[in-house]
Amino acid sequence: MARYSSTKILKQATKKRRFATTIYPNIPVSADDVYIRTTSPERLDNLAFQFYKDVDLWWIIAQANEIGKGTLIVPQDTLLRIPSSDNITDLLKQVNNNR
């Protein structure tokens with residue numbers, strides 16, 4: 001699941017195409033979520049690969065932990081929630097397809 005896979009492509013009157021605004025939902029806490037504490041500075045893309053086998057899903061971990069824009073690096077000794085991948089795909093499709 002790519003970051004913009006459920007984002008609609010819009011055509012403007014000038015025939016140019018653009019992506020619609022993507023809404024990133026609040027990711028609800030699930031009993032299947034995993035919690036980790038970083039023992040050294042970690043990169044979100046590496047964690048996404050470790051848990052989801054896809055580096056492009058770093059934004060899920062960032063959204064779940066309210067990590068803002070500007071960095072992929074998480075400081076040492078940070079408690080992170082890693083959301084269950086089962087719920088994420090459906091949630092993102094629901095939010096962006098119901099707009």
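User: What makes the contact between R81 and D33 a salt bridge?

Analyst: In this predicted model, the closest N and O atoms of R81 and D33 are 2.7 Å apart. A salt bridge requires a Lys or Arg side-chain nitrogen within 4 Å of an Asp or Glu carboxyl oxygen, so the pair is counted as one. R81 lies in strand β6 and D33 in the loop between β2 and β3, so the bridge ties together parts that are 48 residues apart in sequence.

User: Why is the contact between R37 and D77 called a salt bridge?

Analyst: The N to O distance between the two side chains is 3.8 Å. The limit is 4 Å, so this pair qualifies.

User: How many salt bridges does the structure hold, and what is known of the one between R43 and D45?

Analyst: There are three salt bridges. The side chains of R43 and D45 meet at 2.6 Å, N to O, which is within the 4 Å limit. R43 has a relative accessible area of 40% and so is partly exposed, whereas D45, at 13%, is buried.

User: Where does K53 lie, and what is its phi?

Analyst: K53 is in the loop between α1 and α2. The phi of K53 is near 60 degrees, again a positive value in a residue other than glycine. With a relative accessible area of 61%, K53 passes the 50% cut-off and is therefore exposed.

User: Why is the charged end of K53 said to sit over the ring of F49?

Analyst: The charged end of K53 is 5.9 Å from the centre of the F49 ring. The distance limit is 6 Å, with a further requirement of lying within 35 degrees of the ring normal.

User: How many aromatic pairs does the structure hold?

Analyst: The structure holds zero aromatic pairs.

User: What makes up the largest nonpolar core, and which element gives the most to it?

Analyst: The largest nonpolar core has 15 residues, and L44, Y52, L57, I60 and I61 have the most contacts inside it. At least two residues of this core come from each of α1 (44-52), α2 (58-64) and β6 (79-82). Helix α2 gives the most, with five residues. Nonpolar side chains tend to be buried together in soluble globular proteins.

User: How do you know that L57 is buried, and where is this residue found?

Analyst: The relative accessible area of L57 is 8%, which is under 20%, so L57 is buried. L57 lies in the loop between α1 and α2. The C-alpha atoms of L57 and N46 are 9.8 Å apart, and the two residues are eleven apart in sequence.

User: Which residues form a nonpolar patch on the surface, and why does V29 count as exposed?

Analyst: V29, Y35 and L79 form the patch, with about 330 Å² of accessible area together. V29 is found in the loop between β2 (17-19) and β3 (34-37). At 62% relative accessibility V29 is over the 50% cut-off, and V29 is therefore exposed.

User: What is the overall pattern of helices and strands, and what share of the residues is buried?

Analyst: The protein has three helices and six strands, which follow the order β-β-β-β-α-α-β-β-α along the sequence. Buried residues make up 30% of its 99 residues.

Conventions
Residues numbered from 1 in each chain as written. Predicted model: local features only at pLDDT ≥ 70, side-chain atom pairs only at ≥ 80, totals over all residues. Heavy atoms only, no water. Patch = residues over 30% accessible without salt bridge, like charges linked within 9 Å, V, L, I, M, F, W, Y side chains within 5 Å. Areas by Shrake-Rupley, 256 points an atom, 1.4 Å probe, with all protein chains shown as cover. Helix = DSSP H or I, 4+ residues; strand = E, 2+ residues; numbered from the N terminus. Buried < 20%, exposed > 50% of the residue type's maximum accessible area, 1.4 Å probe, protein only. Core = buried A, V, L, I, M, F, W, Y, C linked by side-chain atoms within 4.5 Å. Phe/Tyr/Trp six-rings, centres within 6.5 Å; stacked < 30°, edge-to-face > 60°.
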